Structure formats: structure tokens, C-alpha cells
Amino acid sequence: MKAQIDAPSIFIQALTYCSFHYFIIVAESLDAPEDLITMDNGCVCCSVRGDLIRTLGQLSSSRKKFDAILLETTGLADPAPIVYTVQSNPKISEHYRIDSIVCLADCKHLGLHLDEIKPDGAVNEALQQVAFADKILLNKVDLVTEEEKKSLKARLATINQFADVIETEKSRAPLDKILGLNSFNMESILEYAPDFFADQESGKMEHNLSLVTSVGVQFTGSLHAQWFNMFMMDLLKERAADLYRTKGLLSFHGQGDTKFVFQGVHEQINFGPAKSPWKEGEERINKFVFIGKNLDKKLLTKSLMECLYKEEEK
């Protein structure tokens with residue numbers, strides 16, 4: 001495969017939980033109803049590998065129409081079962097090969113996740129993703145000191161000496177160093193986990209969600225901007241270390257048809273208007289996703305719904 005990919009590529013995003021957090025497969029320039037395919041709820045490395053196999057099988061009939069498939073997993077996903085699925089299934093390996101495993105790492109917070117102690121028998125997903133990568137995009141390097149960056153890179157090297165670490169800011173990475181390089185190196189995986197395939201068959205590698213979970217909340221209405229900002233400030237002040245990822249789609253009272261979105265890692269939140277506004281007659285459904293430790297969905301739902309604007313507040 002060439003470093004420069006000329007034909008359309010297919011993007012598979014592996015997300016979890018509520019209705020807007022499904023597997024989404026977007027195939028650009030494929031003139032068929034399958035241009036957009038939604039797959040069952042669940043985590044790509046656990047419950048829906050069957051869906052992944054079936055979908056890749058469906059796409060194989062259009063194999064000459066695209067150069068590559070980009071599979072994005074959640075921050076919770078263990079890459080090993082995905083590798084296992086592609087490598088061990090003859091119907092898949094006949095049409096596909098793994099070109100590269102790319103780990104997008106947050107330079108400011110990665111050390112915290114690598115230090116996390118998991119229950120016996122469970123994997124540390126951050127450690128696994130670093131260990132299985134042949135490319136590590138070390139993002140947000142502008143948010144740490146030079147000494148902090150050097151220390152983290154030295155630690156990454158002790159985990160995976162084969163990975164090429166590419167420093168980035170705002171995830172702006174040179175594609176010619178990521179795509180079409182055939183850089184997937186099975187030896188690095190085997191060195192980290194010699195019983196890799198055997199563990200997959202036996203089920204020894206557990207994806208434990210007892211501490212780290214995905215919580216989805218959605219409800220209709222428009223939010224009171226002040227109350228919502230106060231809620232988020234309090235939440236991040238108290239639980240920032242426990243919140244790995246946060247995402248939201250919001251409607252605010254008094255902001256017309258402007259649709260707002262946010263995403264965050266720990267205490268760092270990016271917030272702003274979406275590219276497309278709310279359409280005329282479109283139901284204003286606020287949607288939130290929290291990925292983190294020891295999350296209480298009932299409490300989060302109650303707290304968020306208390307941020308709704310009420311007419312009597314005029």
C-alpha cells in the first residue's frame with residue numbers, strides 16, 4: 001500500500017452507549033445505502049466483534065473502491081482483540097491486513113492512566129494501547145514542560161521500544177507518517193504478551209468495567225447557561241481526575257438555533273458552536289457522554305436535568 005492514499009477511505013468509529021454513540025461507519029464516495037452503517041451497542045473489543053466481522057465482510061464486496069479502513073476505538077478499548085479478530089478469521093484476513101496500530105496519547109494526562117491499578121485479571125487499557133502501538137501520536141505536547149515530555153517519552157520507550165513517537169499539537173499529525181506504511185509489527189505484540197492469541201481464546205484477558213464505565217444521558221429541552229456552567233465547574237473541581245472523557249451536544253435557552261458541542265479530557269474542556277444549527281422543527285435533545293471511574297448515572301442525570309431552563313425563572 002502506498003504512503004499516499006488516493007482512493008476513498010472508510011472510517012469506522014467505535015463508540016459506546018446511547019443512541020448517538022454507536023459504531024458508525026462512513027464510506028466516502030460509495031454509492032450505496034451502505035454508505036452509512038450503524039452497528040449494535042457495545043465495545044469493539046468485547047461484545048460486538050461479531051458485528052465488526054460481519055460489517056467488514058459486507059464491505060469486502062466493494063474492496064476495489066477504497067484503499068483503507070480506519071478503525072477508531074474508544075479510550076476504553078483494548079486493541080488486542082481487534083488484532084486477533086483480523087488475524088485469526090480467514091474470511092477477514094483474505095481481504096484485509098492491519099497496516100498500523102496508532103495510539104493517540106494525551107501527553108499531559110497519560111502518566112496518570114498508566115499508573116492506574118486494575119483489579120486482578122483485568123488489563124490496564126492505557127498500558128495495552130501503548131504496548132500494542134507501532135505509532136504513538138503524543139498529543140498536547142504544548143501543555144507540558146520539556147522535562148515532563150522527555151520523562152514520558154522515556155517511559156513509553158520502556159513499555160514499547162518499537163513504537164515511533166510522533167509529537168503533535170491539537171492532533172495535527174503528518175498522514176504520510178501514519179497511513180499506508182505497513183508498519184504493524186506483530187513481533188512487538190508477541191514480546192509484550194507471548195500468549196496473546198492463547199489468552200484471547202481462553203478469555204483470560206478481561207475488559208473490566210467495574211471501575212471505568214461509559215455513561216450516557218439524554219433529555220429534551222434547553223439548558224440554563226448559568227446553571228449548566230456551575231454544574232460543570234463543580235463536577236470538574238470534584239471529579240476531574242475520574243473523568244477521562246466527556247462529550248456533549250447542547251441546546252441553550254436564549255441562543256436561538258445555535259447548537260453547541262463540547263468535549264473534554266479531565267478538567268480541560270473545549271466548547272463552542274457546532275457547524276450546523278438546530279433545524280426548524282428539530283427536537284432539542286441534549287446528549288452527554290461521560291467516560292470515567294465510579295460514575296453514578298442517576299446522580300449525573302438528576303444534576304443535569306436541574307440545569308434545564310424553566311419558564312418561571314424569567
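Okay, quick definition first: two strands pair if DSSP finds at least two bridges between them. Helices (H or I, at least four residues) and strands (E, at least two) are DSSP runs, numbered from the N terminus. This is a predicted model, with local features needing pLDDT of at least 70, side-chain atom pairs counting only at pLDDT 80 or more, and totals for chains, interfaces and linings using all residues. Residues are numbered from 1 along each chain as its sequence is written, and side-chain values use heavy atoms, leaving out hydrogens and water.

So, strand 9, residues 243-250. Strand 9 makes six bridges to strand 12 (residues 285-293), antiparallel, and Leu249 sits opposite Lys287 there. Strand 10, residues 260-265, is also antiparallel to strand 9, with five bridges; there Lys247 faces Gln263. And because six of its eight residues are buried, strand 9 is largely enclosed by the rest of the structure. Buried, by the way, is under 20% relative accessible area, exposed is over 50%, and partly exposed is in between, with a 1.4 Å probe and protein chains only.

Now the open sheet: three strands, order 5-6-7, parallel pairing. Strand 5 (102-106) and strand 7 (164-167) are the edges, each pairing on one side only. The twist averages 25° from one strand to the next. Four bridges link strand 6 (residues 135-139) to strand 7, and Lys135 stands opposite Asp164. Helix 6, residues 146-159, packs on this sheet, touching strands 6 and 7 (contact means heavy atoms within 4.5 Å). Its direction makes about 160° with that of strand 6; axes are lines fitted to C-alpha atoms, for helices over the stretch in contact, and angles run from 0 to 180 degrees between N-to-C directions.

Last, helix 5, residues 125-132: seven of its eight residues are buried, including Phe132.
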